[in-house]
Every structure is written in structure tokens, then in C-alpha cells.
There are 2 protein chains.
Amino acid sequence: MKRVGIGAYGITPFTKEDKKIESTLFESAKVLLENNTSIQKSDIDAVLVSTNNNSKYLSPVLSEMIGIQPKIAHSIENLCNSGTNSIVSAYSYIASGLADMVLVSGAERYDSPGQVLEWDNSRGEFKHPIFWASIFTSSYKRKYSVTDEQLSWIPIKNHKQAQNNPNALSKKTYLMKDVINSKKITDDLRLLDCSRPCTGSASIILASENIMKKITDHPVWISGIGQKTISAGFTKSESFNTMNSTKMASRTALEMSGKNISDVDVVEIHDAFSVCEPMALEAIGFSKPGKGTDLVKELYETKNYKVNPRGGLIGSGHPLGATGIAQTIEITQQLQSNAKNRQVENAQVGLVHNMSAAATSSTILVLEK
Amino acid sequence: MKRVGIGAYGITPFTKEDKKIESTLFESAKVLLENNTSIQKSDIDAVLVSTNNNSKYLSPVLSEMIGIQPKIAHSIENLCNSGTNSIVSAYSYIASGLADMVLVSGAERYDSPGQVLEWDNSRGEFKHPIFWASIFTSSYKRKYSVTDEQLSWIPIKNHKQAQNNPNALSKKTYLMKDVINSKKITDDLRLLDCSRPCTGSASIILASENIMKKITDHPVWISGIGQKTISAGFTKSESFNTMNSTKMASRTALEMSGKNISDVDVVEIHDAFSVCEPMALEAIGFSKPGKGTDLVKELYETKNYKVNPRGGLIGSGHPLGATGIAQTIEITQQLQSNAKNRQVENAQVGLVHNMSAAATSSTILVLEK
């Protein structure tokens with residue numbers, strides 16, 4: 001199989017602004033092209049747009065705004081992991097030889113229609129993601145005797161780390177008492193346990209090995225890919241305290257890359273809610289079942305940015321279609337030693353975890369220098 | 001590059017029924033699996049949904065309805081050529097080695113949000129496709145001195161041919177006077193010049209050469225792929241009487257397949273409106289500029305089903321996300337000598353033309369036995 005890598009990226013601040021999806025989408029693509037003048041726009045032969053927005057034909061719209069006429073152009077949607085689905089699709093266009101350089105741009109507005117799960121009729125009135133998060137939290141706490149205080153390390157760490165990410169939505173740090181005393185949304189979920197929808201966009205360029213030489217001296221290669229869909233409705237899950245799709249996707253991705261979990265230096269975790277971070281760390285194999293919050297506390301106390309250096313979804317904000325791409329950009333920056341005051345020292349191998357709808361589907365990417 | 005082919009298909013009648021998108025989508029996938037019992041459902045490692053519907057997470061929903069847990073799952077949208085975009089994406093997953101068997105299912109409801117082009121602000125109030133079709137018709141008639149009577153051969157032929165397609169929306173044939181006297185929608189467009197939105201779905205299985213042997217003895221191979229996006233807004237087109245994206249896509253596809261236009265025995269043309277059929281036939285090279293209607297008349301008079309055997313979009317109906325897949329199924333049936341009373345004799349090579357929004361983007365596929 002051809003080697004496929006990331007040659008450039010563009011990202012802009014995640015906000016609560018009321019902007020058109022087209023303008024939002026264009027922002028990060030514009031920054032990408034301005035910061036990477038070695039890219040010949042006419043070499044881009046595919047444009048994939050990742051979004052949950054209802055506007056149609058956004059890839060030709062973005063292409064026209066940039067001033068290019070690609071071969072392949074379409075939008076991709078799979079709720080919260082639309083971003084990594086688009087990256088894997090771009091990978092396959094390049095690996096198959098149908099394209100040499102693909103622009104993947106993700107964007108969302110704060111009022112994304114992907115936030116309420118119209119399709120899951122098994123959930124009755126409880127269509128908002130806070131309900132699955134609440135059930136997950138309750139189940140996880142009971143199974144592993146984990147306390148609210150232990151779970152609070154996730155928002156504490158991620159808001160803290162977000163302060164070193166200039167594009168993050170969060171502009172504040174919080175103490176444990178702030179998390180515990182934040183508004184109760186359900187019996188098991190507090191306001192500060194939740195990532196927040198926002199307006200934002202993120203773009204990357206994927207390229208084949210040949211064309212990569214023309215773009216950058218510091219490419220980051222995608223060496224492992226794992227994807228798994230378990231179900232659509234989360235009530236079909238075997239368990240509410242483990243992430244099976246994440247477990248299976250990470251096994252596939254690590255196997256493809258020939259790496260072990262101990263080789264991974266830095267990781268982006270899809271912390272849509274506090275409980276997701278320990279659950280995902282456990283599913284991928286970074287810690288034993290029920291011990292994820294201990295790892296998070298330890299990382300926080302030792303100022304180790306290994307997990308969610310940019311602040312995760314809780315700290316950065318969660319513009320659905322842009323999230324998986326923003327996560328991949330963070331790992332790219334880390335591997336390029338370009339992550340400034342959130343840099344993980346000597347990062348050689350990174351991992352991205354992006355999931356949808358109560359981990360009913362997951363993507364794992366392994367990236368290497 | 002690995003060889004990728006079509007191993008199975010499922011299609012159901014195109015109607016005006018008011019059904020949920022999930023039920024519509026499931027229908028053709030169900031028929032596909034029922035008619036192809038050699039397919040192990042668990043071998044399907046990717047599910048791509050082609051639609052303009054606003055419902056989210058439809059690929060995991062479809063997967064759960066079928067009872068499978070694929071690796072790759074997402075929806076693809078690019079207005080009217082969403083279907084062939086999904087097929088090309090499936091091709092690339094298989095050719096790259098990320099998947100061996102991909103289910104591509106397209107579906108739309110009669111009230112698809114893809115029918116009104118919210119994004120093309122250059123068009124002011126004239127957002128409905130009838131306005132570009134009207135401008136194309138006017139420009140084409142003026143440039144080549146073509147009459148309304150000559151253009152009427154397209155709906156006459158396509159409604160006629162649709163009578164041999166049990167899934168077609170059209171249940172009637174029309175005479176020239178019916179077309180000419182049908183309701184004037186604009187100065188240049190009559191009701192019978194238009195394809196009609198409808199509810200429908202179509203599914204195909206793409207597979208690698210290895211796995212194909214387990215599925216069918218009569219695969220149809222995708223030997224040529226061409227795609228081109230010129231713009232998003234059609235007012236950026238150089239001309240309103242030629243289809244440049246179609247011209248470029250067909251050149252690429254024929255080159256990839258090593259075939260000449262004279263090798264093509266049967267073709268599906270995206271006749272969203274009457275004028276599109278001659279324009280596309282000319283762009284692809286089946287007839288000289290301005291002479292497309294003569295070819296259509298000749299085919300009609302000699303009862304030759306070469307162009308749009310299933311009745312095209314005008315005869316079959318146009319459920320946006322399903323159209324490109326339905327077109328590909330028709331060519332597959334033709335090459336498998338399985339098209340009953342619309343069979344083109346000894347068809348060896350077929351071509352699919354699927355486009356979006358005033359041919360601002362086009363896909364061409366070349367299929368072979």
C-alpha cells in the first residue's frame with residue numbers, strides 16, 4: 001500500500017459565533033493555504049468536507065471559494081466522528097491511486113443539527129447526548145466504585161491544558177469544588193462534565209509520498225487505521241461502562257501500524273463528557289479497567305500533557321464535523337515538535353480516538369513522524 | 001491497482017410515497033441480500049449511504065437494520081451525483097486494501113432538501129433547478145438552432161423506454177404534441193421536459209477480485225473512473241450549452257479504461273431535463289455538438305435502447321441520492337444480459353454519466369463484463 005501522510009494543516013479559534021457554515025468552513029482552509037505556500041492549489045485533486053450541517057454541495061462551494069477545480073468533491077457525515085471518517089476516506093483515495101493530494105475540511109456551527117439524535121427511537125424523549133452520558137457515568141461509577149471527585153479530574157485537567165491552546169473555547173481553569181458544584185444536569189452529570197457545541201473549522205492536507213516532498217520536510221504519516229461500528233442506537237450496547245467499538249478499532253489500528261500501546265507518546269481522546277476519557281483510555285489499553293481516572297489525576301499532577309494536550313473536547317469545544325480533524329492536527333503538531341507550551345517531549349508516535357453517539361462507532365488513527 | 005467490481009444489486013420501485021428515509025434506505029438493501037444469498041453479511045466491511053436527506057448517522061442505522069457491524073460507515077452528499085461519489089469512494093476503499101466488500105445504498109424522499117439550491121446566492125430568487133435548465137435550454141436552442149420539437153424526442157423516448165422498467169415512476173408514454181402542449185413552466189421549459197423528484201432507493205455491493213468469486217460468476221468490473229468539479233454556482237460556467245465537467249470526466253474515465261467512445265454499447269445519461277441528454281451525449285462524444293437530438297430521434301425510431309434503457313431520470317424518476325446507483329445497476333444488468341425487454345444486444349462495455357447542479361460537477365464510470 002502507498003504511504004499516506006499529513007503535509008499541512010489550518011485551524012482557527014473555536015467560538016460561539018453565529019457565522020454561516022460556508023464562511024466557517026473557508027476560514028481554516030484559507031489559513032492552511034496561507035501558511036503553506038509550497039502547496040500548489042491546482043495539485044489538490046479531492047476536497048472532502050466533514051460536517052453535520054444541513055447545507056448541501058459544500059465541497060464544490062469550498063472549492064470555488066478557494067479557487068480550485070478538484071476531481072473528487074463531496075461531504076461526509078457520521079455525527080461526531082465525521083472528521084476521522086473523512087481522513088480515512090482521503091487516505092483511501094490516495095492509497096488507491098485515485099488522488100495524490102486531498103484537502104479535508106471540517107466545520108460546524110454551534111447549533112449543529114447533529115447534536116440531537118433524531119434517529120434513536122429506542123430512547124424515547126431522551127434524545128440529547130446528556131442522557132447516554134448520564135447512563136454511562138452512572139454505570140461506570142457503580143461498576144468500578146468511582147466517585148464524582150475522581151471523575152472531576154478530567155474537566156480539571158482538560159480546561160487547564162486548554163489554556164495553552166490558543167484556539168480553545170475554554171478561557172478558564174476550574175478547581176474540584178467548581179466541577180462538583182457546577183449545575184447538575186442529570187443525577188450523574190454536571191455542567192462542567194460536558195463538552196460544549198461551538199462554531200469552528202479545521203483543515204488538513206493529506207498527500208502521497210511522492211507529492212509530500214514538494215510540500216514539507218516534516219510530514220506525519222498515518223501508519224495505523226481502525227474503525228468499527230457496533231450499532232446506531234446505544235441501547236444495543238452490551239455494556240454502558242466499556243467502549244467496545246473503541247477497543248476493536250484500536251486493536252486494528254495498532255496491528256496495522258505494528259506498534260504497541262507502550263509506543264504511543266501522545267493521544268487525543270474523544271472526551272465528549274468526563275466519563276468518556278477514562279472509558280476510552282481503558283478501552284485502548286492505556287490503563288486497567290476502572291483505573292482511568294487515576295491516570296488522569298497523575299498526568300495532571302505531574303503536568304504531563306500526554307492525554308488531550310489541546311484540552312480535549314471539554315477544553316477545546318466540540319464543533320462536531322471539525323473535531324476529528326482538530327484532534328489529528330494536534331497530534332501532527334506534537335509529532336512535528338510544534339505544539340509550543342503544550343508540547344509532549346520527544347513525541348514520536350501519536351494516536352487519535354474519535355467516536356460517535358455513545359461510542360456506537362469509533363475511529364482510531366496511529367500517526368508517526 | 002486492485003480490480004474492483006460490482007457483485008450484487010437491489011432496487012425497488014420509485015414512487016411518490018411518503019415513507020421515512022430509514023425505511024426507504026433499508027428496502028433496496030433488503031432486496032439485495034434476499035436476492036444474493038451467497039453474500040455473507042459479516043463480510044461487508046463498509047457501508048456508505050448516499051443521500052441528501054438531513055437525517056444523521058444513517059449508515060450505522062442501516063447497518064443495524066441489516067444486522068451487521070461494519071468497520072467503515074458514513075453518509076456521502078454531493079447533491080445529484082452523491083450516488084456515483086459513493087461508488088467511487090467504495091472503489092477506493094477496496095483498491096487501497098482498507099475494505100474487501102462495500103455496500104453502497106442510496107435513498108431519497110420525494111421532498112428531498114437537495115432540490116432547492118440554498119447555496120447558490122448568485123442566482124437570487126431563482127434557486128430551483130428549473131431556472132438553470134431553462135437557461136441551458138434557451139442557450140442550446142439558440143446556439144444550435146434546435147427546436148422544441150427536436151428536444152421533445154428526449155421525453156418521448158425516455159417515457160417510452162421506462163415502460164419496460166418495472167421500477168420506473170412513469171407509467172405512460174407521450175406523443176410529441178403531449179410534450180409540446182404540456183404546461184409551460186418557464187419560457188423554454190415544459191412540464192414533460194423535467195425529471196420528477198420521488199421516493200426511492202438502490203443498493204449495490206462492490207467487492208475485490210478475491211472476494212468476488214464467492215459472490216457471483218458474473219461480476220461487472222469498474223474499469224474507468226472520471227470526476228470533475230468546475231464550480232458550485234452554475235453562473236460561473238464558461239458556457240450554458242456545453243457540459244465541461246462531463247467532457248473532462250469522460251476523457252479521464254475512458255483513458256483509465258483504455259476504451260474509445262465507439263467501444264461503448266450502452267449508456268446511462270443524467271437527463272435531469274430534456275436538454276441535458278443531448279448536451280451530455282455531445283460532451284461525452286456520442287454525437288457532434290448540436291446533433292444530440294438527432295441521435296435520440298434515431299434511437300427512438302429504430303427502437304435502440306442504447307441511451308437510457310431504463311428510461312433515464314425523466315422516465316424512472318429522480319430520487320437524488322439513489323439515482324447514480326440506479327444508473328449503475330442498469331448498466332450492470334445490461335452487461336449481465338439481464339435487462340429483459342430493454343436489453344441492448346451483446347452489451348460488453350457500458351458508461352454511467354451522473355452530474356450535479358447544472359453540470360457544475362460530473363462523474364463518469366466505465367463498466368465492463
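A word on conventions before the structure itself. Residues are numbered from 1 along each chain as its sequence is written, while chains are lettered from A and ligands numbered from 1 in the order in which they are written. Because the model is predicted, local features need pLDDT of at least 70 and side-chain atom pairs count only at pLDDT 80 or more, whereas totals for chains, interfaces and linings use all residues.

Turning to the two chains, their contact draws 49 residues from chain A and 49 residues from chain B. On the chain A side, α2 (58-66), β3 (72-77), α3 and β6 each give at least two residues, and here α3(A) gives the most, with seven. The strands take part in pairing too (DSSP must find at least two bridges between two strands), since three bridges join β3(A) to β3 (residues 72-77) of chain B, and these strands run antiparallel. In that pairing A:Glu77 has B:Ser75 of β3(B) as its bridge partner.

How are the two copies related? A rotation of 180° with 0.0 Å of shift along its axis superposes chain A on chain B, with an RMSD of 0.0 Å, and the copies are thus related as by a two-fold rotation axis; the superposition is by least squares on the C-alpha atoms of residues with pLDDT of at least 70 in both. Since 100% of the interface residues of chain A are also interface residues in chain B, the copies meet through the same surface.

I will finish with helix packing, where axes are lines fitted to C-alpha atoms over the stretch in contact, and angles run from 0 to 180 degrees between N-to-C directions. In chain A, α10 (residues 276-284) and α11 (residues 292-301) pack at about 105°, with their axes 8 Å apart, which makes α10(A) roughly perpendicular to α11(A). By the cut-offs, angles under 35 degrees are roughly parallel, over 145 roughly antiparallel, 65 to 115 roughly perpendicular and the rest oblique. Among the residues that meet are A:Leu281 in α10(A) and A:Leu295 in α11(A).

In chain B, α3 (residues 82-96) and α13 (residues 320-335) pack at about 60°, with axes 6 Å apart, and α3(B) and α13(B) are therefore oblique to each other. The contact includes B:Ile87 of α3(B) and B:Ile325 of α13(B).

Key: Two residues are in contact if their C-beta atoms, placed from the backbone, lie within 7 Å. Helices (H or I, at least four residues) and strands (E, at least two) are DSSP runs, numbered from the N terminus.
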